[in-house]
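Please look through the following two-chain briefing with the model open beside it. The points are grouped by topic.

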Amino acid sequence: MNTEALKELLYKIADDQLILGHRNSEWTGFGPLLEEDIAFSSMAQDKVGQSWQFYKILNELGESDPDTVAFMRNADQFHNCQFVELPNGEYDFSLIRHFLFDTAELIRFTMLADSTYEPISQLAKKIRGEVKYHTMHANIWIKQLGSATPESIQRLQDSLNQAMPYALGIFEPSPFEDDLISSGTFVGEKALESEWKKQIKEIIDQTELDLPDMDSLTPAFGGRSGNHTEHLQPLLDEMSEVFRVDPTADW
Amino acid sequence: MDEVKDPEIPVLSLNDLGVITGIDIEKSGRVVVNMTPTFAGCPAMDVMKSDVEDVLKKNGIENFFVNLSFETQWNSNMISEQGRAALKKFGLAPPPKHNLIVDIDLIEHAKCPNCDSENTEMKTPFGPALCRSIHYCHDCQQAFEQFKPL
């Protein structure tokens with residue numbers, strides 16, 4: 001297996017989990033209901049923990065230790081999609097992102113459970129059960145608020161329209177797409193995207209919301225190769241502030 | 001391993017929790033304890049690992065290795081009957097056994113650990129720890145937590 005291809009795959013998954021995990025944690029203390037505060041905080045804990053497990057696999061492939069990788073890189077060294085770095089906005093945007101991203105993530109881990117690369121398949125088998133709770137949570141709220149009041153429907157619709165080009169950016173193809181597919185490591189972004197479109201439609205069709213015409217949108221690509229929005233660096237500065245005071249400190 | 005308890009659920013031993021997936025004694029005499037995390041992000045795993053190391057030392061075993069890996073993936077069916085009884089006594093509804101497909105119906109219908117009623121409602125799938133959800137019993141009118149099926 002091409003190690004560079006493997007690392008690229010692992011980095012983008014780990015960075016997505018870490019950055020969205022951090023964004024979710026920003027809801028701690030600010031959730032619209034106590035239950036939602038706990039939900040976003042719990043999903044943050046899951047996602048950051050999952051990123052750590054992927055960084056550990058990278059560490060075994062020769063990359064630095066997970067803390068160094070998580071806290072000492074700058075924005076242009078991150079491989080997350082731009083979608084996860086966008087600010088939380090209001091609750092409607094966070095909910096739409098949670099739904100669109102986590103649906104893709106659950107499909108990705110379900111696909112990776114069959115990976116020929118054993119460390120990834122073992123971890124994916126574990127994580128898909130955890131992420132199932134995230135999509136169940138997202139689906140409940142999208143279905144409820146997507147059919148509730150004119151205001152809730154309008155807010156979700158506006159967020160959905162705003163989020164969609166970024167959501168399509170999740171599936172930015174890797175330069176190693178053919179290697180990953182032919183080696184059986186991962187079935188590829190195209191296969192993932194097409195299953196994702198099917199699954200989000202299933203939920204959106206049960207609401208008053210309309211899916212934007214995805215074919216007419218330009219996906220927000222660039223994140224996978226280190227091109228980010230202005231929002232990522234401030235997030236990293238805040239996330240790593242304590243660690244960078246003394247990177248050698250023993251916690 | 002019966003002596004080592006889950007730090008967040010002190011009535012549950014690691015054997016009953018199902019996270020000890022094997023103990024090997026190698027030809028060299030080294031004892032290898034294989035463990036698997038309940039949740040990838042569970043902050044208690046490191047504590048459990050060091051508790052296992054302490055118990056091995058306390059029992060005179062000096063040459064050991066505690067191997068934390070995902071080779072066997074934990075699921076909640078791996079909690080023993082004794083563990084389920086301990087959870088219930090502790091006030092946590094034990095996770096329902098499942099066929100590895102956890103859906104909304106399965107997590108919504110928890111049995112109240114206080115009065116055994118099934119007239120309950122899930123309030124949120126996320127609770128005070130990654131492994132717990134929050135429910136409400138309409139019969140005894142108490143909120144309770146369930147160890148999540150996974």
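How many salt bridges does the rule find across the interface of chain B and chain A? The rule finds 0 salt bridges there, a salt bridge being a side-chain nitrogen of Lys or Arg within 4 Å of a carboxyl oxygen of Asp or Glu. This is a predicted model, in which local features need pLDDT of at least 70 and side-chain atom pairs count only at pLDDT 80 or more, while totals for chains, interfaces and linings use all residues; side-chain values use heavy atoms, with hydrogens and water left out. Residues are numbered from 1 along each chain as its sequence is written, and chains are lettered from A and ligands numbered from 1 in the order in which they are written.

**Interface**

- Chain B and chain A bury about 2100 Å² between them, 67% of it on carbon and sulfur atoms, where buried area is the accessible area (1.4 Å probe) that two parts lose on being put together, summed over both.
- In chain B, the residues that lose the most area to chain A are B:Ala40, B:Phe70 and B:Phe126, which together account for 32% of what that side buries.
- The contact, defined by heavy atoms within 4.5 Å, takes 24 residues from chain B and 24 residues from chain A.

**Chain B overall**

- Chain B holds 4 helices and 9 strands, taken as DSSP runs numbered from the N terminus (helices H or I, at least four residues; strands E, at least two).
- Of the 150 residues in chain B, 48% are buried, with buried meaning under 20% relative accessible area, exposed over 50% and partly exposed in between (1.4 Å probe, protein chains only).
- The C-alpha atoms of chain B fill a box of roughly 60 × 30 × 25 Å, taken along the principal axes.

**Sheets of chain B**

- One open sheet has 4 strands in the order E6-E9-E8-E7, with mixed pairing; two strands pair if DSSP finds at least two bridges between them.
- Strand E6 (92-93) and strand E7 (120-124) of chain B each have a single partner strand, so one side of each is left without a neighbour in the sheet.
- Within that order, strand E8 (residues 132-137) and strand E9 (residues 142-147) of chain B run antiparallel and are joined by 6 bridges, and B:Ser133 stands opposite B:Gln146 in E9(B).
- Another open sheet has 3 strands in the order E3-E4-E5, again in chain B and with mixed pairing; its edge strands, E3 (20-25) and E5 (64-68), each pair on one side only.
- Strand E4 (residues 31-35) of chain B runs parallel to E5(B), joined to that strand by 5 bridges, and B:Leu68 in E5(B) is the bridge partner of B:Met35.
- Helix H2 (residues 45-58) of chain B lies across E4 and E5 of chain B, running at about 160° to E5(B), with axes fitted to C-alpha atoms (for helices over the stretch in contact) and angles running from 0 to 180 degrees between N-to-C directions.

**Cysteines**

- A search of the whole structure finds 0 disulfides over all chains, a disulfide being a pair of cysteine sulfur atoms within 2.5 Å.
- B:Cys137 is in no disulfide, and its nearest cysteine sulfur, that of B:Cys140, is 3.6 Å away.
- B:Cys137 is buried at 0% relative accessibility, and A:Cys81 is buried with a relative accessible area of 1%.

**A:Phe176**

- A:Phe176 is found in the loop between helix H7 (150-168) and helix H8 (177-182) of chain A, and is partly exposed at a relative accessible area of 22%.
- Not counting residues up to four places away in sequence, A:Phe176 touches A:Asn2, A:Glu4, A:Ala5 and A:Glu8.
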